[in-house]
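Please walk me through this structure. Start with the overall build of each chain, then turn to the details.

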Amino acid sequence: MTSVVRKLYAILRRDLLTAIRHRSGFALTFIGLLAQLTAFYCLSHAIGPSFRPNGVEYFPFLLVGTGLYTFFVMSTQAFLSTVQEAQQTGTMEVLMTTSTPPGELVILSSISAFAGNLVNLTVYLVAGVAVFRAAVHVNVVACLAVMFLSLAIALALGIAAATVQIAFQKGSALLWLMSSGLWFLSGAMFPVESLPGPLEVLAHLTPFNYAVQGMRSALLQGQSVFDLSSTLAALAGFSLLLLPLALGGLSFSMKRARQNGTLSFY
Amino acid sequence: MDQVVFESVHKVFRHRPALFNWLGWERRGESVALRDVSFSVSEGEVLVLLGPNGSGKTTMLKLTSTMLLPDEGSVRVAGFDTARDGGSVRRSIGIAVATERSFFPRLSARENLDFFATLDEVPPSERNRRIDEVLAGTALEEQADTLVMKFSSGMYQRLGIARALVKHPTVLLLDEPTRSLDAGSTAHFWTMLRSLARQRTTILLATHNFAEAVSIGDRLLLLQKGEILAQRSIGSGESFEELRSFYFRSTGEVDEAAPLSMRSGGTL
């Protein structure tokens, strides 16, 4: 095992043990997922079968849209919480004096935060199909391609939240923007084509709409990687733009925090 | 070879009021933490940074560990500059910080040490042996599998020392390491430090406890308000009483032995 894999395993193990030992929190997460699914199932029934956004039934439309968007928000939140807790308990400064470079440590920690939420997303989608009978027509390769690029974007968002937290002690502002300020532009609950013109343009400038739409097409309509080439290209473009920006911002904010002595401020 | 070198180091902390602080009283300002500080520590030496609160001891340790970067001057550890080659510096140092609770509360002592040892790239084949070794060295063997959220202050402090030692650092940084330890644990710890120094580990220890400083240091750096007041080598001929009197007179600190001597003529 290489050193990086060993470190990733150590971080995953730490987070898993911490999650399992928070017994009530661990159980409540899954109860919350089922409650959310039930609410969306009832909502789709109340709206009726005639509403078929993008040509699919409303419940599977909601299932994929809310599942993936929640993944983005919760992954960023999980990662931000890790950084905030490290600042509050004092582990941040100690972690930054280990032999592991800070950038590597941040990326490995964010992968761990995403792994937990990837499990949640899988449970959410499987429960939607198995319990609530959502109709799916899966193209596995296309699903994996969309998920891979979505992970890269989620990684960039997580690192950006950590950067804002370290630089201004306000990573929660980015989280608020994602969870409350931008969710209606994501296409998670209704197609972005139904937004007023300027907002629809704005929706196309965020990566969420492409990720959500791409996953729906791959998971519900069985579209291939070739069919989704323009969506995948847009997601790849966002990844290539956001990841270096986030990493550069993190490196700058870490150096500034070391200079100003604010590494553990929260 | 000198393992730690400070050259004309200057460090200022600037306070910036929070954004939108129109209604608050917080004002912009700055405080000088270190002013033109130069010194060096040789291999296997125990240098004690002794001074009252706010004298710059912790800032010096943080600068040595790369937690902070100097505004002016340079800090070199094991030949590497902390600003230019932080990664090499971090591979050489082990630090026990004054923040006792800097651990993952829902992991056991052994799990915490294993986690930090992995990040410190301790070879897997040696990790368990080294963890057992430092747990024994800090008398935490019986609590090895207890979640650290159940630890007392003294146990946290001992675990902090164990964490600093598990990577076998060439430079060991300790910030008030015996603050929460009882007398027996403190004596055991001092013996352990002297043994590490004999094995060529360089040690920088920050304390405001005069008795601790003269008990384990090879050399004392007396600090006040970010400046080096004086340097004294232990065993250079100066008596402890002279040194004690010099320290408390120079810093204006209250001599912790004074209240005892005042009562020595009376009865309890």
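**A guided tour**

From the N terminus on, chain A runs α-α-α-α-α-α-α-α-α-α. That comes to 10 helices and 0 strands. Helices (H or I, at least four residues) and strands (E, at least two) are DSSP runs, numbered from the N terminus. This is a predicted model, where local features need pLDDT of at least 70, side-chain atom pairs count only at pLDDT 80 or more, and totals for chains, interfaces and linings use all residues. Residues are numbered from 1 along each chain as its sequence is written, while chains are lettered from A and ligands numbered from 1 in the order in which they are written.

Take the dimensions of chain A next. Its C-alpha trace spans about 60 × 40 × 35 Å along the principal axes. Of the 266 residues in chain A, 43% are buried. A residue is buried if 20 or more other C-beta atoms lie within 10 Å of its own, exposed if 12 or fewer, and partly exposed in between, with C-beta atoms placed from the backbone. Among the contacts in chain A with a separation of 6 or more, 79% join residues 24 or more positions apart. Two residues are in contact if their C-beta atoms, placed from the backbone, lie within 7 Å.

One residue shows the inside of chain A. A:L235 lies in helix 10 of chain A. A:L235 counts as buried because 22 other C-beta atoms are within 10 Å. Leaving out residues up to four places away in sequence, A:L235 touches A:V146, A:L149, A:S150, A:I153, A:P207, A:Y210, A:A211 and A:G214. A:L220 is 15 residues from A:L235 in sequence, and their C-alpha atoms are 19 Å apart in space.

Now to the meeting of the chains. Here 25 residues of chain A are in contact with 28 residues of chain B. On the side of chain A that touches chain B, helix 1 (3-21), helix 4 (91-95) and helix 10 (229-260) of chain A each supply at least two residues. Helix 1 of chain A gives the largest share, 8 residues. That side of chain A divides into 6 nonpolar, 13 polar and 6 charged residues. Ala, Val, Leu, Ile, Met, Phe, Trp, Tyr, Cys and Pro count as nonpolar, Asp, Glu, Lys and Arg as charged, and the others, Gly among them, as polar.

Chain B has 9 helices and 10 strands. Buried residues make up 43% of its 268 residues. In chain B, 70% of the contacts with a separation of 6 or more are between residues 24 or more positions apart.

Follow the strands of chain B. Four of them, in the order 2-1-4-5, form an open sheet with antiparallel pairing. Strand 2 and strand 5 (80-81) of chain B stand at the edges with a single partner strand each, so one side of each has no neighbour in the sheet. Two strands pair if DSSP finds at least two bridges between them. Strand 1 and strand 2 (residues 29-42) of chain B pair over 10 bridges, in the antiparallel sense. B:V5 stands opposite B:S40, and B:F13 has B:S31 as its bridge partner. Strand 1 of chain B also pairs with strand 4 (residues 72-77), antiparallel, over 5 bridges. There B:H10 stands opposite B:E72.

Helix 1 (residues 57-65) of chain B lies across strand 1, strand 2 and strand 4 of chain B, at about 115° to strand 1. Axes are lines fitted to C-alpha atoms, for helices over the stretch in contact, and angles run from 0 to 180 degrees between N-to-C directions.

B:S8, in strand 1 (residues 2-15) of chain B, has a positive phi of about 45° although it is not a glycine. B:S8 is exposed, because 12 other C-beta atoms lie within 10 Å. B:H168 is not a glycine either, yet has a positive phi of about 55°. B:H168 sits in the loop between helix 5 (153-165) and strand 7 (171-175) of chain B.
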